[in-house]
Amino acid sequence: MTLVPLLLALEFGEADPDLAERLKRREPQAMADLYDRYGRLAYSVILRIVRDSEMAEDLVQETFIRIWSRAQAFDSKKGALGPWLLAVARNRAIDYLRSVDGRMARSSYELVEMENPALFANLESQVIASDQASRIREALSKLNASQRNVIELAYFDGLSETEMAEKLGQPLGTIKTWVRTALKNLRDQLGVVASA
C-alpha cells in the first residue's frame with residue numbers, strides 16, 4: 001500500500017507532543033528518538049519519490065537536520081509531529097526531483113516501483129488494526145482508480161494538475177474534476193478538511 005508511511009505516522013503520533021517539546025529544548029536524545037520513530041518512514045516516503053536508495057539516505061539526513069533546525073516553529077496544536085516530518089521529507093524529495101541533479105538522475109534509468117514492504121513487515125498489522133488507519137483505508141478504497149491515481153501523483157510525485165494532465169494524457173479539466181472529487185470524497189468519509 002502506497003500510503004502506509006502516512007498511516008504509520010498518524011498511528012504512532014500520540015506521544016509526539018512530548019517529543020516535540022524535547023526537540024524544542026534541543027535535547028540530543030529527542031533527535032535520536034525522533035529518528036528511531038520516523039527514520040524508516042521518512043526513508044520509505046523519499047525512496048518512493050526519488051527511486052534511488054543512496055539519494056534517499058542523503059535526503060533523510062537533510063530532512064532530520066531541517067526538523068532539528070526548525071523545531072521551534074512546530075506547533076503541536078496545529079498538527080502531529082509525524083505527518084509534519086513526513087511532509088518535510090516529501091518536500092525535500094520533490095525539491096530534489098525538480099533540481100537539475102534530480103532530473104538528470106531520474107532520466108538515467110527507467111522508473112521502477114521500489115516500495116520495500118520489508119520495512120513495514122512488523123508494523124503493518126498494527127496499523128491496519130487501528131481505527132484511524134481503517135477509516136483512511138476505507139475512504140481511499142471508495143475512490144475510483146482515477147481519483148486514487150491523482151491523489152498519489154500529487155502526494156508522492158508532487159505533480160501539479162497540469163503535470164498530471166500531461167503525464168496521464170487527459171484534459172486539464174478532467175484532472176481537476178478527479179482531484180476535486182477525490183478530495184471531497186475523502187473529506188466526506190473522514191470528516192476532515194482535505195486540501196490539494
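**Entry 1: the start of α4**

Which residue caps the N-terminal end of α4? I looked and found Asp 52, with a side-chain oxygen 3.0 Å from the backbone nitrogen of Glu 54. I take a polar contact as a pair of N or O atoms within 3.5 Å, where within protein one must be able to donate a hydrogen and the other to accept it, and residues adjacent in sequence count only if both atoms are side-chain atoms.

Ground rules before I go on. This is a predicted model, so I note that local features need pLDDT of at least 70 and side-chain atom pairs count only at pLDDT 80 or more, while totals for chains, interfaces and linings use all residues. Residues are numbered from 1 along each chain as its sequence is written, and side-chain values use heavy atoms, with hydrogens and water left out.

**Entry 2: the overall fold**

I counted 11 helices and 0 strands. Helices (H or I, at least four residues) and strands (E, at least two) are DSSP runs, numbered from the N terminus. Of the 196 residues in the protein, 39% are buried. For me buried means under 20% relative accessible area, exposed over 50%, and partly exposed in between (1.4 Å probe, protein chains only).

I also checked contacts, meaning heavy atoms within 4.5 Å. Among those between residues at least 6 apart in sequence, 66% join residues at least 24 apart.

**Entry 3: the rest of α4**

I went back to α4, which has 17 residues and reaches 24 Å from its first C-alpha to its last, close to the 24 Å expected at 1.5 Å a residue. The expected span is 1.5 Å times one less than the number of residues.

Which residues of α4 are buried? I listed Met 55, Ala 56, Leu 59, Val 60, Thr 63, Phe 64 and Ile 67. What covers them includes α2 (16-24), α3 (28-50) and α5 (81-98).

Ser 69 also lies in α4, which runs over residues 53-69. I found the side chain of Ser 69 reaching the backbone oxygen of Arg 66 at 3.0 Å. Ser 69 and Leu 23 are 46 residues apart in sequence, but I get 9.5 Å between them in space, C-alpha to C-alpha.

**Entry 4: the bend in α3**

Where does α3 bend? I put the bend at Tyr 38, at about 55°; that is the angle between axes fitted to the seven residues ending there and the seven starting there. The end-to-end check: α3 has 23 residues, but its end C-alpha atoms are only 29 Å apart, short of the 33 Å that a straight helix would reach at 1.5 Å a residue. I noted that Arg 51 follows α3 and has a positive phi, near 55°.

**Entry 5: the cores**

I looked for nonpolar cores, meaning sets of buried Ala, Val, Leu, Ile, Met, Phe, Trp, Tyr and Cys residues joined through side-chain atoms within 4.5 Å. The largest has 34 residues, and those with the most contacts inside it are Leu 23, Leu 34, Ile 46, Ile 49, Val 50, Phe 64 and Leu 85. At least two residues of this core come from each of α2, α3, α4, α5 and α9 (145-156). α3 gives the most, with 12 residues. I found a second, separate core of 15 residues, which includes Leu 140, Leu 153, Met 164 and Leu 190.

**Entry 6: charged residues**

Using a side-chain nitrogen of Lys or Arg within 4 Å of a carboxyl oxygen of Asp or Glu as a salt bridge, I count 10. Asp 33 pairs with Arg 22, the closest N and O atoms being 2.6 Å apart. This pair links distant parts of the chain, with Asp 33 in α3 and Arg 22 in α2, 11 residues apart. Asp 33 counts as partly exposed because its relative accessibility is 23%, whereas Arg 22 counts as buried at 14%. I also see Arg 22, Arg 25, Glu 27 and Asp 33 linked in a network of salt bridges.

In α11 (residues 172-190), Asp 188 and Lys 184 sit 4 residues apart, about one turn of the helix. Their side chains meet in a salt bridge at 2.6 Å, N to O.

Is Arg 90 buried or exposed? I have Arg 90 as buried, with a relative accessible area of 17%, and its place is in α5. Leaving aside neighbours within four places in sequence, Arg 90 is in contact with Val 45, Ile 49, Ala 154, Tyr 155, Phe 156 and Gly 158.
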